[in-house]
Amino acid sequence: MAEKVDFGGVHFLIVDGNALSADLARDLLLTMGAETVFVAHSFDDGIDVLGSDSVDVLLTELHLPPRSGLELIRTVRDGKTRAHKQMPILVMSAMSAKEHVFEARDAGVTEFIAKPYGVEGFYRRMVGIVARPRAFVDSNEYFGPDRRRRQVPFNGPDRRD
């Protein structure tokens with residue numbers, strides 16, 4: 001854990017139906033220096049918090065029956081809450097098969113961490129989200145953080161103008 005980031009002024013919201021998992025994430029954030037961590041255990045409770053409190057970073061589980069974390073991500077990215085559309089979103093989920101990760105990425109998630117996760121991996125993702133925000137793409141088909149991670153030369157036409 002080389003890089004130090006002050007999480008004291010960042011307001012987090014954890015949406016996870018599993019109370020133990022939500023408590024673990026909350027405890028990690030508090031240990032890292034966070035002072036404001038809201039916890040919701042359902043999609044609807046999460047929407048209520050997003051509508052009434054100031055939240056800077058959303059952490060969500062994909063499995064939120066009867067709805068889903070993907071629906072929550074799309075609701076935020078579509079601007080259907082009071083939350084900022086460009087809010088960083090971390091998915092914490094045991095549903096870590098490739099298709100779930102790609103669905104989350106295409107819904108506009110900023111980072112994904114598979115459960116069970118380690119403290120260092122969680123910390124690295126939180127530092128990345130808070131200290132190194134990714135550029136956003138706003139196109140007809142996608143709104144969310146730039147999905148490209150690798151810097152590779154590209155010789156084709158630039159379609160983002």
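Is T60 buried or exposed? T60 is buried, with a relative accessible area of 0%; buried here means under 20% relative accessible area, exposed over 50%, and partly exposed in between, using a 1.4 Å probe and protein chains only. Bear in mind that this is a predicted model, where local features need pLDDT of at least 70, side-chain atom pairs count only at pLDDT 80 or more, and totals for chains, interfaces and linings use all residues. Residues are numbered from 1 along each chain as its sequence is written, and side-chain values use heavy atoms, with hydrogens and water left out.

- T60 sits in strand β3; strands are DSSP runs of E with at least two residues, helices are runs of H or I with at least four, and both are numbered from the N terminus.
- Skipping neighbours within four places in sequence, T60 is in contact (heavy atoms within 4.5 Å) with V15, G69, L72, I73, I89, L90, V91 and M92.
- With that kind of neighbour again set aside, within four places in sequence, L59 has contacts that include F12, L29, F122 and M126.

**The nonpolar cores**

- A nonpolar core is a set of buried Ala, Val, Leu, Ile, Met, Phe, Trp, Tyr and Cys residues joined through side-chain atoms within 4.5 Å.
- The largest one has 23 residues, and F7, F12, L29, L59, M92, F122 and M126 touch the most other members.
- At least two residues of this core come from each of β1 (11–15), α1, β3 (57–60), β6 (89–93) and α5.
- The top contributor is α5, with 5 residues.
- There's also a second, separate core of 22 residues, with V55, L62, M87 and V109 among them.

**How α1 packs on α5**

- The axes of α1 (residues 19–31) and α5 (residues 119–131) come within 11 Å and cross at roughly 65°; axes are lines fitted to C-alpha atoms, for helices over the stretch in contact, and angles run from 0 to 180 degrees between N-to-C directions.
- That makes α1 and α5 roughly perpendicular to each other, a label that covers 65 to 115 degrees.
- On the α1 side the contact uses A25, L28 and L29, and on the α5 side V119, F122 and M126.
- The residues of this contact split into 6 nonpolar, no polar and no charged, with Ala, Val, Leu, Ile, Met, Phe, Trp, Tyr, Cys and Pro counting as nonpolar, Asp, Glu, Lys and Arg as charged, and the others, Gly among them, as polar.

**A97**

- A97 lies in the loop between β6 and α4 (98–107).
- A97 is partly exposed, at 33% relative accessible area.

Technical notes
Parallel < 35°, antiparallel > 145°, perpendicular 65-115°, else oblique.
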